[in-house]
Amino acid sequence: MARAVTQRRKTFNTALAWAVGLVIFFPILWTILTSFKTEGDAIAYPPKFLFFDWTLENYSIVQDRSDYMRYLWNSVIIAGGSTLLGIIVAVPAAWSMAFVPSKRTKDILMWMLSTKMLPAVGVLYPIYLMFIKLGLLDTRTGLVIVLMLINLPIIVWMLYTYFKEIPGEILEAARMDGATLREEILYILTPMAIPGIASTVLLNVILAWNEAFWTLNLTAAKAGPLTAFIASYSSPEGLFYAKLSAASTMAIAPILILGWFSQKQLVRGLTFGAVK
Amino acid sequence: MGRIVLDKVSKRFGDVEVIPPIDLVIEDGEFAVFVGPSGCGKSTLLRLIAGLEDVTSGQIRIDGNDATNLAPAQRRLAMVFQSYALYPHMTVRKNIAFPLRMAKLDKAEIDKRVANAAAVLNLTDYLDRRPGQLSGGQRQRVAIGRAIVREPAAFLFDEPLSNLDAALRVGMRLEISELHKRLATTMVYVTHDQVEAMTMADKIVVLRAGHIEQVGSPLELYRTPRNIFVAGFIGSPRMNFIEGAEAAKHGAHTIGIRPEHIAVSSEAGPWSGVVAVSEHLGSDTFFHIHDSGLAETLTVRADGEVGFRHGDRVYLTPRDDQFHRFDAKGLRIE
């Protein structure tokens, strides 16, 4: 029997959902508001919510002081590149795990995921040294490689769960029809898995975009993405909240807009293929 | 041309021997049906022929050439799957054209062959639809279309009708039989349904636990089953088996008599019993008879007009020339 949902209950649930949503969104909202305040208003007590002198001053100062576009471009290349590379590596891996599993497949999947449980700082030193030796320090190539490796377990896991939903008989049919392994993956598996691949790409772009540990530690002036851009505003001279907020807002705006337009895919991605 | 020879072919999955070494010849143009209960290895055997599974030992020859280690596509076989296995993101046209595209045929030739196949299978009006927009029977036809455009040496069918409803199944059964007559290409067909096997096959291969129990034409299997398993599996309703004194009279450990070879009357007969259930099919009536003292239940097939009811005492007369005799091991005694 379907549970009867009364109007009152519905209203209550809606209000609750909005309240929870606002609590979660509040830090971002506050950052955006602060970015339009003067430094004085930003630290005023009691805090001013909407009634302050709105100004774009912070944005122009931030833009003058540092080249936003360069950071943005670095972010795009690093997030996009690492995701693309990750997908190229992960599709064949997930294919083999989903369609020709061995006794060890489950163990390998768990082992891959377990690397995510390692504190990143634990391997910072060796990776830093390797980057120096290989000349990858403060290069976009280096960051693309590192972020791809960091996110690879998640990409493989997600693709694996999506591929599992595709009936093996269809791939066997393709094999009977004369498709080579490459053609089978290109013409049959990939188009069928497009929704799953899209969610995976999206989630990983966001993860890579927001990644701050490696991007801050392995870059200096040249390859720094938007995370480095934000960080540059928390300086030893003290915090300039309004300018920091303006920088943050500019840094998260692209990904916020991307996320807004692809909510549906994103939810699917986050639920790891559990929701059809 | 499509003569398929299995020479001591066996298959193991780890420690489990699914198919013990098997010898089998399927002649060119023959309609061979693998039939058996689920888990008997019939699908595995088909997949070995298709090349979707590797044989553990033995040799598969297609038209005299060793195909044991060839990739599926190189064996010139086409397969129709139980789930149809259509490509959901492609239109019917593209589905049917896919094997030709993989074979790198030029576009004009592909279009011609697709149009031909569509005409043969009544799919012309559906060429631009996707599989999701088709009924079960139409999907099945697309799957067959995808198989015939390649003009393969042989067709392999893996329980192709089991996802269809009863009425459609009979229709598709006829269509496949017709197709076989027209193309005269070897077909290997797997089913657990003995009716499909009996109606379609030139040659039936009865399998149990990976072993071939008997190979023969449908009537051979019906008339002279080699053992109790085949006798019980082929024919519907199932053959009655009687042990003990009655069997000893015929010099056998077990005797078998088919339901259609027993006459039923209310007056007289050598056997008697009480009707437990009567199933009226219109054309026929099946009586399930208890308390005969011969077997727990005897099944009798009678005319649709015969109208005994639950609890009626009836007399049974088996046809003397229709007894099948089996020894203690279950093997046929000639």
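In this predicted model, V275(B) stands opposite I289(B) in strand β15 of chain B; strands, like helices, are DSSP runs numbered from the N terminus (helices are H or I with at least four residues, strands E with at least two). Local features need pLDDT of at least 70 and side-chain atom pairs count only at pLDDT 80 or more, while totals for chains, interfaces and linings use all residues. Residues are numbered from 1 along each chain as its sequence is written, and chains are lettered from A and ligands numbered from 1 in the order in which they are written.

**Chain B as a whole**

- Chain B contains nine helices and 18 strands.
- The C-alpha trace of chain B spans about 75 × 45 × 35 Å along its principal axes.
- Of the 334 residues in chain B, 41% are buried; a buried residue has 20 or more other C-beta atoms within 10 Å of its own, an exposed one has 12 or fewer, a partly exposed one falls in between, and C-beta atoms are placed from the backbone.
- Contacts in chain B between residues at least 6 apart in sequence join residues at least 24 apart in 63% of cases; a contact requires that the two C-beta atoms, placed from the backbone, lie within 7 Å.
- An unreviewed UniProt entry places the feature "domain: ABC transporter" at residues 4–234 of chain B; such annotations may be inferred rather than shown by experiment.
- The end C-alpha atoms of residues 4–234 of chain B are 25 Å apart, and this span is 36% helix and 26% strand.

**The five-stranded sheet of chain B**

- Five strands of chain B form an open sheet in the order β13-β17-β14-β15-β16, with antiparallel pairing; two strands pair if DSSP finds at least two bridges between them.
- At the edges of this sheet are β13 (262–265) and β16 (298–303) of chain B, each of which pairs on one side only.
- From one strand to the next, the twist averages 45°, with axes taken as lines fitted to C-alpha atoms and angles running from 0 to 180 degrees between N-to-C directions.
- Six bridges join β14 (residues 271–280) and β15 (residues 284–290) of chain B in the antiparallel sense, and E279(B) has F286(B) in β15(B) as its bridge partner.
- β14(B) and β15(B) form a hairpin with three residues between them, and G282(B) in the turn has a positive phi of about 95°.
- β14(B) also pairs in the antiparallel sense with β17 (residues 313–318) of chain B, over four bridges; there, V274(B) has R313(B) as its bridge partner.

**Helix α2 of chain B**

- Helix α2 (residues 92–102) of chain B is mostly covered, with eight of its eleven residues buried.
- The buried residues of α2(B) include V92(B), I96(B), F98(B) and L100(B).
- Among the elements covering these buried residues are α3 (107–120) and α4 (136–148) of chain B.
- Just after α2(B), K104(B) has a positive phi of about 60°.

**Nonpolar cores**

- The largest nonpolar core has 134 residues, and those with the most contacts inside it are A94(A), L159(A), V33(B), L156(B) and V188(B); such a core is a set of buried Ala, Val, Leu, Ile, Met, Phe, Trp, Tyr and Cys residues joined through C-beta atoms within 7 Å.
- Helix α7 (residues 140–164) of chain A gives the largest share of this core, 16 residues.
- This core draws at least three residues from each of domain 1 (4–231) and domain 2 (237–326) of chain B, with bounds from an automatic or database domain assignment.
- Leaving aside neighbours within four places in sequence, L159(A) is in contact with A90(A), V91(A), A94(A), G196(A), I197(A) and T200(A).
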